[in-house]
Each structure stands twice: as C-alpha cells, then as structure tokens.
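This report concerns aromatic contacts, charges over rings and backbone angles. Please keep the sequence and the model at hand while reading.

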Amino acid sequence: MRAAADAADAETLLAAVPADQRVAVVDARFVGHVHALRLGLTDPRFDAAAIPGAVTAKPAARAALGRALRTASTDASNGSVVVGIVTDRVADALDTDLHRPELGELVAEVPRDPQARNEARQAVASVDEEAIRLRTAVKSRDGFFTTYCISPYSRYIARWCARRGLTPNQVTTASLLTALIAAGCAATGTRAGFVAAGLLLLCSFVLDCTDGQLARYSLQYSTLGAWLDATFDRAKEYAYYAGLALGAARGGDDVWALALGAMVLQTCRHVVDFSFNEANVNSTPGPGATANSSPTAAFSDRLDGVGWTVWLRRMIVLPIGERWAMIAVLTALTTPRITFYVLLVGCAFAACYTTAGRVLRSLTRRAQRTDQAARALADLADSGPLAESLARVIPSPLPVLARLLALAGAVVVVLAAWIDGPGWSTVVCAVAYVLVSGDVVARPLKGPLDWLLPPLFRATEYGTVLILAAKADVNGALPAAFGLVAAVAYHHYDTVYRIRGGAGAPPHWLVRAIGGHEGRTLLVAVLAALLTATDFKVALTVLAVAVALLVLFESIRYWVTAHRRGAPAVHDEGEPA
C-alpha cells in the first residue's frame, strides 16, 4: 500500500508495480464496509471495477487505468477539479468495460466534511455486514428445495470453509467423492446400502450448494472452478445411475436400459436448455415484434406476479435439487426400477413442458439470430467429417425441406433400430441420416426453431446406441453402451462450457477424430450389423474407452491451460440444471 498526493503521483506509483499484478486506487477519505471494498476490488471476473471512492484494474486494464489517471491529472492541472473525488473521476474516465457491483445496503462513500463522515460511520454501524454477506452467498435464482431445505444452513458451512482456508474447488471435489461413495453403496444391492446411498447423495448435494456459496462468499471465482462444478454435477448423477443399475443387477433385476434411458433423457434436456439459450444470445425481435411480444412470454410475466406459481413452475422442471431429493428418497424407500420409472416420467414431463414453452416463444417472437448464435448452434450440432463433406457436394433444397428431412431421417433410423434391430436395414437408414444431417447444417442455423437441431441429433445418436445395445440381448452390452453414451455426453457438455467461456468449440481435430454425431451413429449401426452380439459388446466397450480417453485428455489439457494462463473467471448464476 502506498499513499499518493494526487492523480499524477498515483500514476507514478502504479507504474512501479509489476505489469502482471492487479492494482487499486482508493481515496484516503473512504468510509464504508469492508465487504463493499471486497466486492469492488477483488472480484476476479472483471478486468476493471469501481465503487464510490475506489477503482481497480487487472493487468488487462492497467493501460486504461493509466490513461484515466493522466486524464484526471490534466483536469486538475487545468483547474477544472478544485474539490472532488479523484478516484471517481478516474473511474468515469476509464475507456474500458467497467463493472460497478450492486452494493445494496452496504455503505461506500467519500465524505467531504466531518458531518458527512460521522453520518457515513453511523450508516456503517447500523448495517449487519456479515448477514448481508451470508445472504448474498446464496444464488439469486434457485429451486424450491435448495432455497428452503439446503441454503438456510449450507451458507454457514460455506462460511466455516472460508474461515479455514478451504477453496470452492476442494469442496466441489469433496462433493464428487461423496456422490461416488453413494453410488458404491447403491451398487451393493442391499436395503442398508440403498438407505446409505440416499443419505450420501443428499450430503453430496449440500456440498454442491456449498461450493458455489463459498465462491460467492469469498469471491473465489475461476474458470477451472466453474468447469469442475458443472462437469462434476453430471459425473455424480450419472455415476449414481450406474450404481443403482449395478445394485439392481445384484438382486436379479436388469435396469441398465432404464439407467441409460434416464441419462439420455437428462442429457437431451440439458442440450435443449443450452441450445435455446445460445440461439437467443444478443438476438433481436423480428419485424413488428418487441422483446416481450410473445404471448407465451407475456403470460409467463403475468404468472410471475403470483408468488406461488413461480415456485411451482421451478419445481415442475425438476431442477437438480428436486431431482436429487426425489432420487435419494426413492432409493432409500423403494427399488432401483421404481426409482428410474418415476425419474423417467418426471423428466419426460419436465422436458415436454419446457420445450413446448420455448417452441411457442420462438414461433411467436421470431427473433433475428446473430452470427454468434448460429456459430454456437453449429458447434453444438457436433457434425463430423462425413456431414461436412456431404454438405459441400449435395445440392441444398429449401431450408424448410432440409429441416423436415433431418427430422425424418432421425425418426427413421431410430425406428429401424427399434423394429429391425441390428441389421442392414438400420445401416441403410443410418446412411440416409448422415446425408440429411449433413445437408441441414450446410447453411447458417438462424431459423426460429434451429435450436432444436442439436437436441434432435443427441436424441438420435444416444437413442440408436441404446436400442441396438438392448436388441443385442447379451450380458454387458447395455453397460458398454452406457459407457459410450457417457463419454460422448461428456464431450457435448464440454462443448457447452467452452462456448459459455468464450472459447468456442473444441478443436476440429477432436471432432474429426471421434467422428461427429452422424459418424458415430453410422459406425454403431455397421458394427451391430457385422458383428455377433458378443463381439458387438466388445466393440462398444473399445469405442467407449477410445472416445473417453480422447475427450478427457483434450478437455483436461484445455481447462488446466486456461486456468494457468489466467483465463477470465466465470461463475454460473443461471437456472439450476
């Protein structure tokens, strides 16, 4: 900490600080809460931030801060600033994106006289800073179960962790380990194991809430942390599905098809969410429409005025809190088969509810999609070398016809697998699917319903793998298919998190190496037709291992490198998954 006499002196002192360090300028007369300074000066997500009486800049914004200090110094030398708050003048002069945190009841002032200083100190004393810090540690938009059954005490666990120097990533890892132990308990197939699994799953969810609250409480946001939190949530849930399937098998009940179906349905639900959100990034209403002109949106806004409907609609979509609580209770009290039946019905209803609402909004609002949105949808489509090559040579019909053909191709290949099972008719339908899926992505995906293409491709690929593995009717085929779909789903989730982080899709070589959605669908169909049931099981296992090794290696390499080079920190405040 150094004291500067004026803006020019501050510029000189800051120039002596190494360029790779964050700096801050705080008015010596500042009066306010410590947490106000913490919010304004230490949040790693923003290159430049300011509150009344204080301004900060990370290395990327140091040059802009220097220019702003020179501007303030010039103003003072010209006599235009006789009495004023230099830090606020500097903040106003910054020619870069400036974050101004919402302080709420927190006090941050620069009093100009003794009376104002005394009033500011009284205002500081009248506010319970710690209570505000605990309250704001909880996500602003969360599900009913999380809000009323977890957050009232998990925020105190987060504070306990912060005071002992624990990081959000450590708590995230503890949540993963707890869920894996829960899956192991479920795999025992005993009633005691199922009860322990349900309890441990709830404990894992408490820790899952705690890591985000710890990040908000102590402002420990990071790119790596956001990736770990999102990735581990999927790993925990799907590992638990596998544990339930293993436990049921020990009791003589084969529910692997249900476990894989639950994973397919849940992943497709997430892809619907991701695709719809990415399609509407920076979008504008169509001609004659406004941002809220959709009747669906208007009706939703009216419902928001009735408090209980807000919670009801959040519960209907089965967010992670309600979903895990339901799974935990059903695991402890019933059987894995009943657990999966209820889960499938609940998730199917939630998927229909959310998808129908978004389709209606898209059709009535008819937003103008941006190039960024079209690029994101193309990346989420995960088209491989076959689709890319065919898109260059096949004559492109009308856009509407291309989309209808893609839908028809997806339905036909799944029906062929369902009706004929492993055979050449399924291969022929898979070839047709490759042709139409390549054509539909040959043009920018800017149509009102183009965001449905990525979930359509996911459902087709995952569904074909599930059905062909089930039709093979050999022990071990469905667990191998579960592993393959899990590996591919990880790749698709990783694509989403990269796009959200502003990095775009995974490298092109990776998409080519694992074949794209159309290539994998065709490959599985060919393997099912050529090989015996036992050999098909082995082929699925080898394919699952190969895909998992490739995507995990590239994903871990990317995220660790991004973390080390200081990629912008992110934190998800969106809807619960």
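In which loop does D382 lie? D382 is found in the loop between α16 (371–381) and α17 (385–393), where helices (H or I, at least four residues) are DSSP runs numbered from the N terminus, as are strands (E, at least two).

## Basis of the model

The model is predicted; local features need pLDDT of at least 70 and side-chain atom pairs count only at pLDDT 80 or more, whereas totals for chains, interfaces and linings use all residues. Residues are numbered from 1 along each chain as its sequence is written, and side-chain values use heavy atoms, with hydrogens and water left out.

## Positive phi angles

D382 is a residue other than glycine with a positive phi, near 60°. At 4% relative accessibility, D382 counts as buried; buried means under 20% relative accessible area, exposed over 50%, and partly exposed in between (1.4 Å probe, protein chains only).

D473, also not a glycine, has a positive phi of about 55°. This residue is placed in the loop between α20 and α21. D473 counts as exposed, because its relative accessibility is 70%.

## Aromatic pairs

Rings of Phe, Tyr and Trp (its six-membered ring) pair if their centres lie within 6.5 Å; planes under 30 degrees apart count as stacked, over 60 as edge-to-face and the rest as tilted. The count by this rule is 15 aromatic pairs. One of them joins W256 and F482 in an edge-to-face arrangement, with 5.4 Å centre to centre and 75° between the planes. This pair links distant parts of the chain, 226 residues apart: W256 belongs to helix α11 (residues 256–279) and F482 to helix α21 (residues 477–500). W256 and F482 are both buried.

F276 and W451 form an edge-to-face pair, at 5.2 Å centre to centre and with 80° between the planes. Because F276 lies in helix α11 and W451 in the loop between α19 (424–440) and α20 (453–472), the pair ties together parts that are 175 residues apart in sequence. F276 is buried, its relative accessible area being 13%, and W451 counts as buried at 0% relative accessibility.

## A ring cluster and charges over rings

F144, Y148 and W311 are linked into a cluster by ring pairs. Over the ring of W311 sits the charged end of R314, 4.9 Å from the ring centre. A charge sits over a ring if NZ of Lys or CZ of Arg is within 6 Å of the ring centre and within 35 degrees of the ring normal.

The charged end of R498 sits over the ring of Y558, at 4.2 Å from its centre.
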